[in-house]
Amino acid sequence: MKLFNITLCVTLLMSASIFSQNASTPKLGTDKIDDVISAMTLKEKVYLLVGMGDDAWNNPSEAQKAAMLSGAAGITYDIPRLGITPAVLTDGPAGLRINVTQPFAPHKFYCTAFPTATALAASWNSALVEDVGKAMGDEVLEYGSDVLLAPAINIQRNPLCGRNFEYYSEDPLLAGKLSAAMIRGVQSNGVGTSLKHFAANNIETNRMSINEVISQRALREIYLRGFEIAVKEAQPWTVMSSYNRINGYYTSESPGLLTNILRDEWGFKGMVMTDWGGGKDAVAQMNAGNDMLMPGNAQRAVLIDAVNNKLLNDSVLNQNVYRTLAFIMKMPNFRGYAPSYTPDLAAHAQVAHNAANETMVLLKNDNNALPFAPKVKNVALFGKTSYHYIAGGTGSGAVNYDTLISINGVLAANGYKLLQPLSDIYANFIDTIIANAPRRDKKTAVDFHSELALSQAQINEQVKNSDIALITIGRNAGEGWDRKENDYFLLSDAEKDLIKNVSDAYHAAGKKVIVALNIGSPISVADWRDKPDAVILTWQSGQQGANALVDILKGKVNPSGKLPMTFPMKYEDVPSAATFPGEPADNPVNAFYNEGIYVGYRYYNTFKVPVAYEFGYGLSYTQFQYSDIAVNKADDNITVSVKVKNTGKVAGKEVAELYISAPTNEIEKPAQELKAFAKTNLLKPGESTTLTFTLANRDLASFWTSVSSWVVDKGTYEIRIGSSSNDIRQKATFDVPKTIVVEKAHNVLYPNLPLTELSTRKK
Ligand code: BGC
C-alpha cells in the first residue's frame, strides 16, 4: 500500500510536471531569451555553444538534415522543444561556397565568383562593394544558408602571405571602410556575416599555433583598426576569432581582445565564433567571450565537466548562450524562410562584371598603348593564364562557379582574331597539365604549373600575323601555407624570357606589347616593366574578370582602380621581409612584428625607400585636375572639400585620397596616413565635381601606449589630397592648439616577449 501510494504520488507528480512543462515550455521568438535559457539543461547549453562537427554529416537531427547544404562549413545545434533552429554557416569572401550538387535538388547550385577582396579594394568604391555584398547575400539567402563567413580583412603585411587575395589592403582605413560596405550589402538580405579573422592573421605558416609579438600601438593602429571601423559602422552579426596567438594568447582565448576591446570599447553586439578548430582551451574560450566553438563537438564533454567541477561559471555559459540565441533568432532558417534555390545568377554575373571593371589597375601605359588602337584586329596571346584565367584563390575563399571565362574566349567573342597555331600550342599545354594532375588538383593545376617556355623562333613566327601582343602572368595561392619569394614574388626565367623576347620581337616590328597580371598579391615588376608598353593589373577578378579586362583593353571602360597596397622594388624592401614568416624560419614559433606601425606605405614613405608602384597608384585613359581645397575646422571635427575636374578626352572616374601628415611632438608618426577617400562618378571630359570629407578627432588620434589612450597631439597638421600616396595635388594645414585625449582604452594585449621596434627616433 505504501509502495502503491509512493508510486502513485511520483507518477502524479511526474505527469503534472510534464503537463506544466508542455504548457509553459518557453519558445525562442515567443518568450524572453532569459526564459528560454532557464528552461535549458546544461547539456543543451553546451551543445548549442559547440558546433555539430562531424555529427552534422554522421548524426544530424531532422531539422539539420532539412537545412544543411552540401559544402557548407558548419551547422549549429538545434533544440526543437525550445524552438531553437539550426543555423547554416558557409564560406566565403569572394562569394558563397557550397557544392554544385545538392542531394535534395536535381539542378546545379552554381554560385557567382565575384572579384576577390583585394580586387574589390582596388576599386576604392564603397557603393560598388556594397552592391557586390547585396548580390552575394542574395545567393546566401536563396540557396538556403544563414551566414556568410566573410569579409576577411587582415592586413596585407607581407606579399607572401597565402591568404592576401582574401584580404583587402595594407591600410586599415581602406580595409575597414570597404568591409563595412560589404557587411551592409550582405546583411541587407537578412542574412549574417562573420568578420574574420580577428585578429592579425597575417601569416599562414603554422597558423594554428604561431605567436605574434606585436606592440600595443601597432595592434591598435594597424591590425585592429580595420575591424574597429567595420564593427562600429556595420555591426556584423558575428565575428570569427583567428587561429594565431597574439602576445601569448590564442585570440579565441583572449578576454582583452574579445571582451575589453571588441565588446566594451567598440560596442560589438553580436556573437563570436572560433575559426574552424581554432584555439586549445574551451573553458578559456568561453571565459574570453568566444561564444561558439566551430566546427565543434569535440569540446562538449570538457565543457560539461568544467561546469560540474565549478571551473566554468554558469553565468558565463548563460551569457554566451544568450548571445547565441539572439544570433539564431536573426537567421532565415529561424524565420522559416523558404529559399527559391534559384538566385538570379545572370543578374549577379552582371554585378560581378561591373565590379571587375573598377578593380583593374593600369600600372604603365607608354604612348597610349592602351586602349587598343582601332587598327588592332589580330592579337597574339601569350602566357598560360591568357587561356586559363585565375578567378580567385584556393581554399575556403574559392567559389564553385559555372564556366571559366578566359581572356582568349572573350577576345574572340569581341571580334579579335587570335593566332591559331599559338592558341593550339597553349591549348595542348593546358590540356596536358590538367590530364596529368590528380583529380583533386585539376581545377588549379594550370595556375601552379610553370610557364611554357617558347623559343625565339616560335615567338618570331607570330609577329607578322598579329597587330599587338598580350602576355598574361598568373599566380595563385591559398590558405594554410605561405608562398616563397622564388615561387611567387619573382618571375621565373621562362616568364622573364617570354616578356623580353616577345617585347624585342614586336618592338623590332614597330608593334606594341601589353602585359596583364592575373595575381592576388604583389609580385616583382621592377626588373621587367621597362620591356612592355603597358602593364595592366587584373588581379583575380572573379568569373567575369576576363570580360572586364577586355572592356578595358578595347577602351569600352576607362580603368579607375588604384593599388590598395604597395608594389615594392624588391622583396627585401618589404619591412617584414627579414622576419616573415617567423622564428625559426623553417618551423616558426614566434613572429616578431618589429616593423611596428611601419607597414606598407607608412614604412616606404617614412624611411624614404623607393617603390615600384606606390599605395593608391593607378593610371587612367584621361587626366584629372585637383583644385579649390577648402578646410573648415570645428571643435570636434574638420571638413575638407576639393574640386576634381576631368581635363582629358574621355570620360573617367577618379579616386581622391586624403592623407594627413601629423606633428610628432610627443610620439613618432608615419610620414602620412590615409584618413579618407572618395571616388567620383563618371566625369565627362571637362566635367568637374566637389568631393567632401569629414574627419572626427578620433580619426586624427594615435594610440599613446604610455597612457593607453587615443590622443590628438597638439601642433600643425598637413592635409594632403592626391591621386596616389606620392602624387599629392592639394595641400592645406590646420592647427590643434592643445593636446586632446579623445578616448581612454583598456591597457591589454601587451607583448609577452621583448620586442625592439623600428623607430625614427634614436633610442
Ligand atoms: C578558414 C576560415 C573558414 C573556415 C570554414 C578555416 O580553415 O580559416 O576562413 O571560414 O575554415 O571553412
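Q: Which residue in E15 is the bridge partner of Ile514?
A: The partner of Ile514 is Ala534 in E15. The model is a predicted one.

Q: What makes strand E14 and E15 a pair?
A: Two strands pair if at least two bridges are found between them. Strand E14 (residues 512-518) and E15 have four bridges, in the parallel sense, so they pair by the cut-off of at least two.

Q: How do you know that strand E10 pairs with E15, and in which sense do the two run?
A: Four bridges join strand E10 (residues 361-365) to E15, and the cut-off is at least two, therefore they count as paired. The two run antiparallel. Within this pairing, Leu362 stands opposite Ile536.

Q: Which residues of strand E15 point one way, and which the other way?
A: Ala534 and Ile536 point one way from strand E15 (residues 534-537), while Val535 and Leu537 point the other way. All of them are buried, and that word stands for under 20% relative accessible area.

Q: Why is Glu221 called buried?
A: Buried means under 20% relative accessible area. Glu221 has 5% relative accessibility, so it counts as buried. Glu221 sits in helix H9 (residues 216-223).

Q: What makes the approach of Glu221 to Arg217 a polar contact?
A: The limit for a pair of N or O atoms is within 3.5 Å. The side chains of Glu221 and Arg217 make their contact at 2.8 Å, so the distance meets that limit.

Q: Why is Asp54 called exposed?
A: Exposed means over 50% relative accessible area. Asp54 has 53%, and therefore counts as exposed. Asp54 lies in the loop between helix H3 (42-49) and helix H4 (55-58). Its C-alpha is 7.7 Å from that of Asn297, although the two are 243 residues apart in sequence.

Q: Why do strand E1 and strand E9 stand at the edges?
A: The open sheet of six strands has the order E1-E2-E3-E4-E6-E9, with mixed pairing. Strand E1 (74-75) and strand E9 (271-273) each have a single partner strand, so one side of each is left without a neighbour in the sheet.

Q: What makes E1 and strand E2 a pair?
A: E1 and strand E2 (residues 88-90) share two bridges in the antiparallel sense. The requirement is at least two, so the pair qualifies. Gly74 has Leu89 in E2 as its bridge partner.

Q: What makes strand E22 and strand E27 edge strands?
A: The open sheet of four strands is ordered E22-E21-E26-E27, with antiparallel pairing. Strand E22 (673-679) and strand E27 (728-736) are its edge strands, and each pairs on one side only. Neighbouring strands of this sheet are turned by 20 degrees against each other on average, direction ignored.

Q: How do you know that strand E26 pairs with E27?
A: Strand E26 (residues 715-722) and E27 pair over eight bridges in the antiparallel sense. At least two are needed, so the two strands count as a pair. Gly715 stands opposite Val736 in E27.

Q: Which residues are the closest of those that surround the ligand?
A: The ligand is surrounded by 13 residues, the closest being Asp91, Arg163, His197, Asp275 and Glu479. The shell divides into five nonpolar, two polar and six charged residues.

Notes
Residues are numbered from 1 along each chain as its sequence is written. This is a predicted model: local features need pLDDT of at least 70, side-chain atom pairs count only at pLDDT 80 or more; totals for chains, interfaces and linings use all residues. Side-chain values use heavy atoms; hydrogens and water are left out. A residue is near a molecule or strand if one of its heavy atoms lies within 4 Å of it. Ala, Val, Leu, Ile, Met, Phe, Trp, Tyr, Cys and Pro count as nonpolar, Asp, Glu, Lys and Arg as charged, and the others, Gly among them, as polar. Axes are lines fitted to C-alpha atoms, for helices over the stretch in contact, and angles run from 0 to 180 degrees between N-to-C directions. Buried means under 20% relative accessible area, exposed over 50%, partly exposed in between (1.4 Å probe, protein chains only). A polar contact is a pair of N or O atoms within 3.5 Å; within protein, one must be able to donate a hydrogen and the other to accept it, and residues adjacent in sequence count only if both atoms are side-chain atoms.
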